[in-house]
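Trainee: I'd like to learn how to read salt bridges in a structure. Could you walk me through some?

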Amino acid sequence: MIRIRKTKETMVSLLWYGKIIRDLRRVNSNIFFVFPTYQIGGAERVHADIMALVADQKPTCIITELPKNSGFKKDFYEAGKVIELKRWGTKKAFVPIMAKKIAKIINRQNKPVVFGCNTDFLYTLTDYLNENVEVIDLTHAFTPNLMGMEFYSLPYVSRINQRIVIGKKTRNDYKELYQKNGISLDYMERFKIIPNQIDAPKEYTKRDYSLPLTAIFVSRNSPEKRPEVFLELAKKARASDLSIRFIMVGDFGEYQAEYGEFIDFIGPVTDKHELNELYEKSDIILITSVLEGFPMVLLEGMALGVVPISTEVGEIPSLINENLNTGYLIATLDDTEKLIESFLERLKACTKDLDSLAVFSRQAHTLVKKEFSSEKFTENYRNLLKPHFKQLMVINGGN
């Protein structure tokens, strides 16, 4: 059976190879994106937004992995020419072959740039690119034990022309990584900070807080998000007679049988309007992750006045804390039980101090509007990619 399955996979891959080559031959673009997937996720939402900014340049996007769901597929395909590699982007024996083919097409272009994130295929590709091809990578967050792209990219530091990060902490993490690995800090000059964007309402809508409060968790079902913390938190909150309703948005259906008594399971939501309606009905958004940059779900919720309670990870502590009246931080503990108790105590405090929630809600909206504006995001990425435009792009009457 194993031999039959492998033979079938090989045949399918060979047929798909022909499609990839035909698509590559039709490429006529200076801008190439290399992303792992278009499935549901905050990073994928950002990648779609970046592509949309240069849609009139007809960019080419290489998807290197097999997506788990259709997620933002429509957004990706509307913003450019998408070429999905499937096994040709992940199978060890296939990757060098495909990287050479793609590099050959890129090298033919006039002023090519390759912009990628979260995929080692990007760095393999650089081995075959001409020196005139500009390489830019984006890092959303450092991974635990440095086993992610930040570590994999170390041998390619001199070839990466620009490195985009979303905040100062990530840049400082890279500085420390360079020092530990004997890499010249002169390369730190290649870093640029570009925060993500969110369309926050121009005016804050006042919220009237009363019990029960509603706490929302929006995520994909992934280990680093630690959904088990939210699940058990909701269960313990019920046992403590805490006046809070819990909503879970994402692919968490497998937990519904066990936790449906304590949580309203919504399922995955990609429609912005539907998601905003959920945020508008929520008072608190919980981030339980062991790893984050600055999650998009946090920005989405805060833009509508939802107060965050989050673990101290990534760029979050620099902008969300009690001193700034923007939210609450929970120490990132390895002991899950202690972490759950810390969240529970904070939620109990929130139910007893609704006035503070009102203050934090307004300030959360103000912060997002100021620091994560679409105007700044658009300007930064347009300026980054403009040298590679075939013709001048006009957005909102600008140059």
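**Reading salt bridges**

Mentor: Let's start with a pair: Asp-49 is buried, and Arg-45 is buried too (under 20% relative accessible area; exposed is over 50%, partly exposed in between, with a 1.4 Å probe and protein chains only). Keep in mind that this is a predicted model, where local features need pLDDT of at least 70, side-chain atom pairs count only at pLDDT 80 or more, and totals for chains, interfaces and linings use all residues. Residues are numbered from 1 along each chain as its sequence is written, and side-chain values use heavy atoms, leaving out hydrogens and water.

Trainee: What do Asp-49 and Arg-45 form?

Mentor: A salt bridge is a side-chain nitrogen of Lys or Arg within 4 Å of a carboxyl oxygen of Asp or Glu. Here the closest N and O atoms of Asp-49 and Arg-45 are 3.1 Å apart. The two sit four residues apart in helix H2 (residues 42-53), so about one helical turn separates them. Helices (H or I, at least four residues) and strands (E, at least two) are DSSP runs, numbered from the N terminus.

Trainee: How many salt bridges are in the whole structure?

Mentor: A search finds 17. Lys-19, Asp-23 and Arg-26 are even linked in a network of them.
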